[in-house]
Amino acid sequence: MKKSILGMVLLMSCIWYQPANADIEANFSPPSSGTSNLRIDLPDDLDFLVLTTLGVELDGVDITSYMSLDGMDFVFTPVTPLEKDSHILRLVQFQDDGSVVEQAKWEFEITVGEANEPVSNEQSALESYLRSDNLVELSYRAFQHLEEDTAPKRMIASGGGDIATGVNSGNWGMNFRSNYLLQSDKNFAQTENIFDVGEYSLDLNYGNELINGGVKVGHHDTGLESQLINDFYQRGISAKIGSANSRLEAQGFAFSPEALSGADNITGLNDATDRVQGIAASFKPFSSDYNALKITTMLYEGKGADGGIGTSGEDIITEGSGWAGVLEKGFDTLNANLRMEYSQSKFDADGDLAAEEEDGDAWSVEYDARLFEESPQWLGENADITWGVSHERISTYFESLANQNSVSDREATSLKSNLYWGAFATNLLAIYETNNVDGLESMPTDALATFEANFSYGFDEQTGDLDWLGTPYLTLSTFIADMSRKKTPANYSGGDTNNNTEVISFGGGSNYDQWYWSSEYSYQQFEDYTNASSDTVNHILGFDSGWTISDTWEVNGGIELSNYRDETTNNNFYDTNFRFGSDSELIEDQLDFNFDYNLNLASGSDDRPDEHYLSGELEWKLTQAQVNRPNISFVTKGSMEDKIGNSSSTTDEKVYQVFVQLRITSAYSND
């Protein structure tokens, strides 16, 4: 259960985080035909939590749920060809209060509907695009007080960038994207090379009145989803071909099962002992409609270098293979979807060494739908309720090199429901699962029941005597997990299992024209009824705010109080964390200054020291940033960390470093 508590701490950290409402620089290249993919190029450094708040609309219709993620690109494949007309694509960001902020908007025109339509000479003319963003910093560490074995070189060059380009002509298309890394200090280089490629992708596609097909090289995924093959975004090669109406599709793929970067293994397939390959095919036997019955089959085989060494002194090479079948059917009524899956796997944990190959299987059934065909009106507000139920069983020895995130030895039933009523939203999830699904006599059988609920309400902007409330919102969330022992085998020497985890958080905040505030309280409790581990209670109270003082100055800050108590030892641990940040433009378009300060005061039953951390940057822009024109800046930046207290590990010495830099940024686009 320690993992469960850690997971809940991470969950509460995500809930506490409020995504910044900053402008997102996204790019979009118009498609060559009505059947071509729509691709929105997002910044590579975009925070994942910000990514989860984004949505996409096409001609006023929300298509977010149909988008796939290719690296940091949103990709949409039209279900039916887009009409030959003007279209509007919007990238939006959803706020906590239920409002929507438009981040980007593009208008484009489709001149070729189906990819197979005859095209005129004008329409088949070569269309291309090229975009590039680059950053290079030449840095000299002028002052320092560091431990020498951790200090980087005094003079380093670092940076990186990305390039995106594409060519479209008639039914043909090519898109390429790559980033690169620069780090002159090899000790800190990601690939131990001063200059190297990071991730890249090359996408070649073709379509006519009969077929659509393409080849992808580099970092991408197969688009397959099953217990056998899933979330497979790695470096490799795949080829896909199908009918123009997507009624019949087939693809083959070969990937590295490990994350790769750099140019040393540019295809990802250099090592035959570290490779996964397979094929997949899908077929709609009755219709090409989006909701029509779809049958998908897939199989794979491969090897993976484990990195360990066996008793014979040989490197351990795992081997695996398997097949899966997936049935999907959509229903117009209630927007319902039914999905069934069955997979079988064979897995040898040590290749030709001692352990035997294990067989396993997995199956699942999932159904989700809306409760009402037409949204009802409740007290003048539209209401919408969705619900779903699923059951899955994954055998004890099921394992796949093509889906290393699959959790084996699990049988679970889950129920979920979402309610949207005006500005009120509720999300509910209940799961009951057990292990030892194959009934092995030597293994105990445990049961885990979890329940999660999230509620939020966003008020309208208050006016009149209540305008001091701004635009408020409220949130409430709870999580309960109960683990118990169902069966203990005879002569079992391990401990018993009977514990409970409870987390409840509630908070709120408000947005104003020039500032915002938010606050949240969280209570977390873990109780082990077997006394095998300590019972704990954790209280966390936080307050956060930000103020846009002027067009050139923003400040933000917050305070968090926490009390962690070990009920078994009666030890208490207190932490008080203060945070303050400032971002200002001292001289318009010339001189920027920002800094952040953190103070953590620790007390209680241990001797942890207080910690101070300060960082800042002063940037003098020698040239103005413009597209297709480099921006050159002179930068002074630094950081300081100080630990003060009675801890035996505290030296009461400040650790600091100050850099002077020449920063060069450039952006190019031929759009």
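Strands are taken here as DSSP runs of E of at least two residues, and helices as runs of H or I of at least four residues, both numbered from the N terminus. The structure is a predicted model, in which local features need pLDDT of at least 70 and side-chain atom pairs count only at pLDDT 80 or more, whereas totals for chains, interfaces and linings use all residues. Residues are numbered from 1 along each chain as its sequence is written, and side-chain values use heavy atoms, with hydrogens and water left out.

Tyr 668 is located in strand S35, which spans residues 655–669. With a relative accessible area of 39%, Tyr 668 is partly exposed, a class that lies between buried (under 20% relative accessible area) and exposed (over 50%), as computed with a 1.4 Å probe and protein chains only. Beyond its neighbours within four places in sequence, Tyr 668 is in contact (heavy atoms within 4.5 Å) with Leu 130, Arg 131, Ser 132 and Asn 628. The C-alpha atom of Tyr 668 is separated by 8.9 Å from that of Pro 630, a residue 38 positions apart from it along the chain.

Salt bridges were assigned where a side-chain nitrogen of Lys or Arg lies within 4 Å of a carboxyl oxygen of Asp or Glu, and the structure holds 25 of them. One of these joins Arg 393 to Asp 361, with the closest N and O atoms 3.8 Å apart. This pair links distant parts of the chain, since Arg 393 belongs to strand S22 (residues 381–394) and Asp 361 to strand S20 (residues 358–370), 32 residues apart. Arg 393, which counts as buried at 17% relative accessibility, also meets Asp 438 in a salt bridge, with an N to O distance of 3.0 Å. Here too distant parts of the chain are linked, Asp 438 being placed in the loop between strand S24 (424–434) and strand S25 (445–458), 45 residues apart from Arg 393. Asp 438 is itself partly exposed, its relative accessible area being 36%.

A further salt bridge is formed by the side chains of Glu 567 and Arg 565, at 3.6 Å from N to O. Both residues are partly exposed, Glu 567 with a relative accessible area of 35% and Arg 565 with 25% relative accessibility.

Leu 138 lies in strand S9 (residues 127–145) and, at 40% relative accessibility, counts as partly exposed.
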